Amino acid sequence: MKKTLLRALLPLVAASAATAAEPAAEEIGFDEFFTNGFEQTAPLREMLFDLSDVDGNKKLSTREFRQSIQGATQQTDTFSPAEQQQLLDEMMKKFAAADSDKDGFLNREQGDALFAEYLKQNARRQFDKMDSNKNGFLSFEEQIDFSRRRMEAFSSENLDQKLEELNLQLDKMAENPAAAANRFLQNTVREQAAEEFFIMDTDRNNLLTKQEYIDYTLREQPELFTGSVDDKDLAGALFDEMDQNHRGYLNEKEYVDASVRSVIEPISDELIDTEN
């Protein structure tokens, strides 16, 4: 649900710097254009952080930030496919630079700064598109023309179609709420498991070894263990249970599927017992 909200919101946020303020002069340059709009985005940047923070731990992981930027660039008409990839690469480099302790996470202040940088780059491209005579300034007429085109994109006909699609989804959920809840739970577990896999895969070879799993679980999930010398053996046994092919490593799909099974199957068994 958070990802759906984020993808719906980001195109509007990305355009806010371009539409927030009416021109105070006949022509304005990019600095004034961005400053006027950027002041309006502070509460939205805070919302972006919260929506991007899928696991709700008040920190943005590399994966969460990447998905946020990727979802935004794919949902707006500001970027071509090549520009989307270029911007994503640029923002991930900025993420790595901001992650001073190299733990793969950013706090709210750092995340807000990166979202601000994304909005600035987006606004730069919006500015260039609006600047039809390419003189480096926006006239009042150019801004009005852009606003008119933006309003057309959010016409009542388009909004009615979106509402109809939403109503159909809600009807399906109402018909079978248990199935809807199960899908939501599975999606949540998959998201969190994919996040864990990315963090555990320290050598970034897209394979999770037993040692990587043991190191992560002992460090990040101490509640699973007793604090004894046998903890490594227990963590290793948990890995072996997931490693059904006995290869000594898991790819992302295998780890995610195993995580879903470990959560969904006990809940399903409990529901069956309750019904009986």
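**Notes on the predicted model**

1. In helix α5, the buried residues are Q84, L87, L88, M91, M92 and F95, where buried means under 20% relative accessible area, exposed over 50%, and partly exposed in between, with a 1.4 Å probe and protein chains only. Viewed down the axis of α5, these buried residues fall within an arc of 135°, so they line one face of the helix; the arc is that of the directions from the helix axis to the C-beta atoms. The face turned away from that buried side carries the exposed residues A82, K93 and A97.

2. As to basis, this is a predicted model, in which local features need pLDDT of at least 70 and side-chain atom pairs count only at pLDDT 80 or more, while totals for chains, interfaces and linings use all residues. Residues are numbered from 1 along each chain as its sequence is written, and side-chain values use heavy atoms, with hydrogens and water left out.

3. Helix α5 covers residues 81-98, and its 18 residues reach 26 Å from the first C-alpha to the last, close to the 26 Å expected at 1.5 Å a residue; the expected span is 1.5 Å times one less than the number of residues.

4. For the chain as a whole, there are 12 helices and six strands, taken as DSSP runs (helices H or I, at least four residues; strands E, at least two) and numbered from the N terminus. Buried residues make up 37% of the 276 residues. Of the contacts (heavy atoms within 4.5 Å) between residues at least 6 apart in sequence, 66% join residues at least 24 apart.

5. The chain exposes about 16400 Å², of which carbon and sulfur atoms supply 53%; accessible areas come from the Shrake-Rupley method with a 1.4 Å probe, and for residues only the protein chains shown count as cover.

6. R204 has a positive phi of about 55° and is placed in the loop between α9 (177-200) and β5 (208-209), where, at 45% relative accessibility, R204 counts as partly exposed. H246 likewise has a positive phi of about 55° and lies in the loop between α11 and β6 (249-250), but H246 counts as exposed, at 69% relative accessibility.

7. Helix α11 (residues 231-242) also holds L234, which, at 37% relative accessibility, counts as partly exposed.
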